[in-house]
Amino acid sequence: MLLDQLCKKTSEIPIDDSQKLVIFSDLHMGKRNSSDDFLPNAQLFMTALREYYLKKGYTLVLNGDVEELHKHALHTIRESWEDVYRVFDEFYEDGRLYKIYGNHDSKLFSFPDLPMRYPLYESIRLTYKEKTLLIFHGHQLSFYYQKFNDLMGLILRYVAKPLRIKNYSVAHDKRKKYVIERRLYEFAKENGIVAIIGHTHRPLFESMSKVDTLNYEIETQLRRYHKVKKSERPEIEDKIHELKGEIERHEQRRGKELSISRLYSNATVVPCVFNSGTVLGKRGVTGIEIRGGRIALVQWFDKNVGKKYIREDRKNTINLEGTDFYRTTLKSDDLDYIFTRIRLLT
Ligand SMILES: [Mn+2]
C-alpha cells in the first residue's frame with residue numbers, strides 16, 4: 001500500500017525534548033493580488049515566522065501546497081512573495097527548514113526541470129522515544145490521486161488548465177475529506193503511529209475536529225451533572241447551553257461534517273490523526289507545534305479579526321509584542337500520553 005511505502009522510504013529525524021518544531025500547510029501562495037488566497041493572512045504568517053518561531057529556535061516544517069502552481073508559474077510566485085521566501089531562507093540557512101510537497105506544488109506536476117530553492121520531501125518521519133510521527137501532505141490518501149498519479153501531470157497541464165477546471169483535487173468536499181481522514185485513521189491506528197497531514201484544511205487534534213471536541217466536552221459536563229451539588233447545576237446547564245450554541249454556529253457556517261470519532265464512542269477514539277489546518281483560515285492561521293515532549297494545535301490571529309479568544313481564554317493566549325497579532329493554544333497534550341493511549345486502545 002502506498003502509505004506503507006511512504007512510511008518506509010522516509011528519512012528518519014530523531015527528536016527529543018530539547019527540539020522545537022512548528023508545522024504549517026496549505027499556503028497556496030499566488031501572485032499577491034486580490035485573488036491570491038494567501039494575501040489576507042500573509043502579514044500575520046510572515047510576522048509569526050520571523051518574530052516568533054525563527055527567534056525562538058523552532059524548525060519550520062512546510063507541509064505541502066506552499067505554492068499555488070496550478071494557477072501560476074513558480075517564478076511569478078517567488079517574485080511576488082520574495083519577502084516571505086527570505087524568511088524561509090533564514091530557517092533553511094540555519095538547517096531548520098523542511099519543505100514537503102502537496103498536490104498543488106509538486107514539481108512533477110508542473111515543470112520537472114525547475115530549480116529548487118530548498119530540498120523537497122514527500123514526507124518526514126520524526127522519532128520520539130522510538131515512536132513515530134509521520135508528517136506528509138495527505139493528498140496521497142485520495143483514491144483519485146492514487147489511481148491517476150501518473151496521469152495527473154498531463155491532466156493538469158493540458159486539460160485542467162485550459163478548461164479552467166477548479167479545485168478538482170482540493171479536498172474541500174465533505175465526503176472526500178471524510179474518506180481521507182478515515183483512511184489515515186485506519187493506517188495510523190494499525191501501525192501505532194501519529195500521522196500529521198494538511199490538505200483538507202480542517203484542523204484535527206487526536207483524531208478529533210472542533211465539533212468532536214465540543215461534543216466531548218458536553219458529554220463530560222453531562223456526566224458531572226448528577227455528581228455535583230444541586231447549587232452547582234445551573235452553572236453546568238449554562239455551560240452545556242453555551243457549547244451547544246457553539247456547535248450550532250459552527251454548523252451554520254460550515255454545514256454538518258462527517259467525522260472519524262462519531263463512529264466510535266468518543267472515549268475510545270485513538271488519538272493518532274492530526275491536521276495542522278491551513279494558513280488561509282478566515283479567523284487566522286492554524287499550525288501544530290511540537291516542543292518539550294508536547295504537541296499543540298495553535299492559532300495565530302489578528303486581534304481586529306478574532307477578539308473573542310482574548311476574552312475567553314486569556315491564559316492560553318499571548319500577544320506578539322509590538323503587534324496586533326496573538327497566538328492561542330487551542331489544544332495540547334503530552335506525546336507520552338498520546339502514544340500510551342494509542343498502544344492501549346489498539
Ligand atoms: Mn492539497
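1. K282 is exposed, as 10 other C-beta atoms lie within 10 Å of its own. On the scale used here, a residue with 20 or more other C-beta atoms within 10 Å is buried, one with 12 or fewer is exposed, and one in between is partly exposed, with C-beta atoms placed from the backbone. K282 belongs to the loop between β9 (273-275) and β10 (285-291). Its C-alpha atom is 9.4 Å from that of F301, a residue 19 places away along the chain.

2. Some ground rules. The model is predicted, so local features need pLDDT of at least 70 and side-chain atom pairs count only at pLDDT 80 or more, while totals for chains, interfaces and linings use all residues. Residue numbers start from 1 along each chain as its sequence is written.

3. The protein has 11 helices and 13 strands. These elements are DSSP runs numbered from the N terminus, with helices being H or I of at least four residues and strands being E of at least two. Of the 346 residues in the protein, 37% are buried. Among contacts with a separation of 6 or more, 74% join residues 24 or more positions apart; a contact means that the C-beta atoms of two residues, placed from the backbone, lie within 7 Å.

4. The loop in question runs between β6 (123-128) and β7 (131-136). K129 is not a glycine, yet its phi is positive, near 45°.

5. H201 also has a positive phi, about 65°, without being a glycine. Is H201 buried or exposed? It counts as buried, because 21 C-beta neighbours fall inside 10 Å. H201 sits in the loop between β8 (194-197) and α8.

6. E206 is in the loop between β8 and α8. With 23 C-beta neighbours inside 10 Å, E206 is buried. Leaving out neighbours within four places in sequence, E206 has contacts with P271, D333 and I338. The C-alpha atoms of E206 and K331 are 9.5 Å apart, although 125 residues separate the two in sequence.

7. W81 occupies the loop between α3 (74-80) and α4. It is buried, with 24 other C-beta atoms within 10 Å. Not counting residues up to four places away in sequence, W81 touches M29 and R32. For W81 and R32 the C-alpha to C-alpha distance is 7.2 Å, across 49 residues of sequence.

8. Helix α2 and helix α4 (residues 82-93) pack with axes 10 Å apart at an angle of about 25°. Axes here are lines fitted to C-alpha atoms, for helices over the stretch in contact, and angles run from 0 to 180 degrees between N-to-C directions. α2 is therefore roughly parallel to α4; angles under 35 degrees count as roughly parallel, over 145 as roughly antiparallel, 65 to 115 as roughly perpendicular and the rest as oblique. The residues that meet are A42, M46, L49, R50 and L54 in α2 and D83, V84, V87, E90 and F91 in α4. By class this contact has 7 nonpolar, no polar and 3 charged residues. The classes are nonpolar for Ala, Val, Leu, Ile, Met, Phe, Trp, Tyr, Cys and Pro, charged for Asp, Glu, Lys and Arg, and polar for the others, Gly among them.

9. The axes of α8 (residues 210-225) and α9 (residues 233-254) come within 10 Å and cross at roughly 160°. The two helices are therefore roughly antiparallel. Residues from α8 in the contact include V211, L214, I218 and Y225, and those from α9 include I236, I240, L243 and I247. The contact of α8 with α9 divides into 8 nonpolar, 2 polar and 7 charged residues.

10. Which residues have the most contacts inside the largest nonpolar core? They are V61, I100, I135, L184, A195, I196 and V273, in a core of 69 residues. Such a core is a set of buried Ala, Val, Leu, Ile, Met, Phe, Trp, Tyr and Cys residues joined through C-beta atoms within 7 Å. Helix α2 (residues 39-54) supplies the largest share of this core, 6 residues. Beyond its neighbours within four places in sequence, I196 is in contact with I23, L133, I135, F274, S276 and I288.
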